[in-house]
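This report describes selected local features of one protein model. The sequence and structure come first, and the text follows.

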Amino acid sequence: MSIAIDIRKKLGDFFLDIAFDSDAKRIGILGPSGCGKSMTLKSIAGIEKPDGGRILIDDRVLFDHGQKINLKPQKRRVGYMFQNYALFPTMTVAQNIGAGLGLSNEERNTRVAEMIERFHLHGLEKHLPGQLSGGQQQRVALARIMAYRPDIILLDEPFSALDEHLKERLQHEMMTMLEDYEGQVILVSHSRDEIYRFSEELLIMDSGHVMARGKTAQLFDDPGTVAVARMTGCKNFSAAERLDAHHIKLKDWGITLELVQDIPEDIHAVGYRAHAFEPIWGERQKNCLAFHLSGVDELPFERRYYLLPEDSDSRTEDSGAGGSLRKDPSELICWFIQDRERVQMDGKPTPDYLRLREESIMLLRK
């Protein structure tokens with residue numbers, strides 16, 4: 001199964017211009033609200049009509065502006081799950097699953113029974129959506145989609161309205177239910193955790209365009225540019241000056257890194273994730289940052305340290321060893337530690353340095 005999309009659509013001042021093709025089974029689209037993620041899904045499903053371009057699933061044309069092909073949604077064999085599941089409130093579970101199936105009564109009843117069995121909905125057949133839990137509603141919505149036997153399933157931020165404690169459970173439950181689905185699934189989300197957990201291939205969108213595309217884990221490890229690194233959740237950045245093939249100066253942090261790997265000539269910034277620092281007590285080691293503390297936040301399951309760079313201009317004259325908050329908090333360096341590390345830190349003095357592990361250093365272009 002493969003999908004190929006090359007579409008353009010203008011809506012007011014917004015312009016969607018997106019092109020990609022993929023044979024990956026699980027595709028994620030990550031981006032901020034209003035970047036065009038949902039419009040892309042709706043164009044694939046036939047809910048929105050692009051102004052130009054083509055949409056193909058395998059060799060089957062769903063939309064071709066030039067050839068004036070625009071299949072109706074029910075002809076596309078595309079399953080679309082909305083954020084609120086869009087179940088019919090006055091229909092029972094069984095009726096929702098069978099709604100719109102172009103089958104005889106006997107065939108529809110058989111198909112509904114298959115979905116009831118597959119999605120563990122026994123005993124709920126006559127319940128209305130308002131009588132169901134969030135997880136049960138999700139299973140009904142997915143059962144209704146699967147009853148159509150679609151070639152592709154589109155998930156439009158299906159967890160965005162859920163509380164955190166429910167979200168993780170339903171994410172796991174949906175992934176389990178989709179394990180034996182042979183078609184493609186595209187998940188749209190603004191949540192990095194959802195996307196990373198779900199997708200094998202990732203598109204990162206902003207302002208109607210694809211900023212980056214690749215294997216999900218690879219894009220998180222090596223985002224390539226500052227903009228993409230920010231989208232994947234990196235908190236720490238410094239402008240950088242390449243000194244030679246193995247040395248790079250972090251101009252905002254006041255330190256120079258020595259790397260084993262070759263540093264490309266077009267690198268202008270360095271990124272470093274807040275959880276990747278290694279605390280060092282005692283003498284300074286290679287690729288270390290002095291621990292000039294600005295502040296600490298205690299969260300239920302995490303402690304967050306905010307540090308000042310080493311350059312003298314970044315601290316006030318009377319800040320002393322601990323430093324003080326910079327005028328621009330975005331210039332502080334973030335070090336986040338989880339519960340287990342927090343327990344290990346308790347009772348110890350603050351580190352003298354934080355070490356940047358080479359394997360975690362992101363060399364970034366503009």
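## Loop residues with positive phi

Lys 68 is exposed, with 75% of relative accessible area. The model is a predicted one. Lys 68 sits in the loop that runs between strand 5 (60-64) and strand 6 (69-70). Although Lys 68 is not a glycine, its phi is positive, at about 55 degrees. Most residues other than glycine have a negative phi.

Ser 207 is another residue other than glycine with a positive phi, near 55 degrees. Its place is the loop between strand 10 (201-206) and strand 11 (209-215). Ser 207 is partly exposed, because its relative accessible area is 48% and the exposed class begins over 50%.

## A buried loop residue

Is Glu 310 buried or exposed? With a relative accessibility of 18%, Glu 310 counts as buried, since the cut-off for that class is under 20%. Glu 310 belongs to the loop between strand 19 and strand 20. The side chain of Glu 310 is joined to that of Arg 284 by a polar contact of 2.6 Å.

## Cysteines

How many disulfides does the structure hold? The number is zero. A disulfide is a covalent bond between the sulfur atoms of two cysteines. For Cys 234, the closest cysteine sulfur is that of Cys 334, at 9.4 Å, which is too far for a bond. Seen from Cys 334, the closest cysteine sulfur is in Cys 234, again at 9.4 Å and too far for a bond. Cys 234 is buried, with a relative accessible area of 6%. Cys 334 also counts as buried, at 10% relative accessibility.

## Helix 4

Helix 4 covers residues 134-147, which makes 14 residues. At 1.5 Å a residue these should span 20 Å, and the end C-alpha atoms are 20 Å apart, so the two values agree. The helix is mostly covered, as eleven of its 14 residues are buried. Among the buried residues of helix 4 are Gly 135, Gln 138, Arg 139 and Arg 144. The list also includes Val 140, Leu 142, Ile 145 and Met 146. After helix 4 comes Arg 149, which has a positive phi near 55 degrees.

## Pockets and cavity

| Space | Volume | Nonpolar lining residues | Polar lining residues | Charged lining residues |
|---|---|---|---|---|
| Second largest pocket | about 540 Å³ | twelve | four | two |
| Largest cavity | about 70 Å³ | seven | one | two |

The largest pocket has 30 lining residues, and those nearest its centre are Ser 191, Arg 192, Asp 193, Lys 235 and His 275. Helix 5 (164-177), helix 6 (192-198), strand 19 (302-308) and strand 20 (333-338) each give at least two residues to this lining. Which element supplies the largest share of the lining of the largest pocket? Helix 6 does, with five residues.

In the second largest pocket the lining is made of 18 residues. Pro 73, Val 78, Gly 79, Tyr 80 and Tyr 148 are the ones nearest its centre. Strand 7 (78-81) and helix 4 each contribute at least two residues to the lining of the second largest pocket. The largest share, three residues, comes from strand 7.

The count of cavities of 30 Å³ or more comes to one. Residues lining the largest cavity include Leu 155, Phe 159, Gln 171, Met 174 and Met 175. Leu 178, Leu 187, Glu 194, Arg 197 and Phe 198 also line the largest cavity. Helix 5 and helix 6 each supply at least two residues of this cavity lining. Helix 5 and helix 6 each supply at least two residues of the lining of the largest pocket as well.

Notes:
Residues are numbered from 1 along each chain as its sequence is written. This is a predicted model: local features need pLDDT of at least 70, side-chain atom pairs count only at pLDDT 80 or more; totals for chains, interfaces and linings use all residues. Side-chain values use heavy atoms; hydrogens and water are left out. A disulfide is a pair of cysteine sulfur atoms within 2.5 Å. Buried means under 20% relative accessible area, exposed over 50%, partly exposed in between (1.4 Å probe, protein chains only). Helices (H or I, at least four residues) and strands (E, at least two) are DSSP runs, numbered from the N terminus. The expected span of a helix is 1.5 Å times one less than its number of residues. On a 1 Å grid over the protein atoms alone, a cavity is a set of points where a 1.4 Å probe fits but cannot get out, and a pocket is an open set with protein on both sides within 12 Å along at least five of seven lines; lining residues have an atom within 4 Å of a point. Grid points are joined across faces, edges and corners, and a volume is the space filled by probe spheres set on the points. Ala, Val, Leu, Ile, Met, Phe, Trp, Tyr, Cys and Pro count as nonpolar, Asp, Glu, Lys and Arg as charged, and the others, Gly among them, as polar. A polar contact is a pair of N or O atoms within 3.5 Å; within protein, one must be able to donate a hydrogen and the other to accept it, and residues adjacent in sequence count only if both atoms are side-chain atoms.
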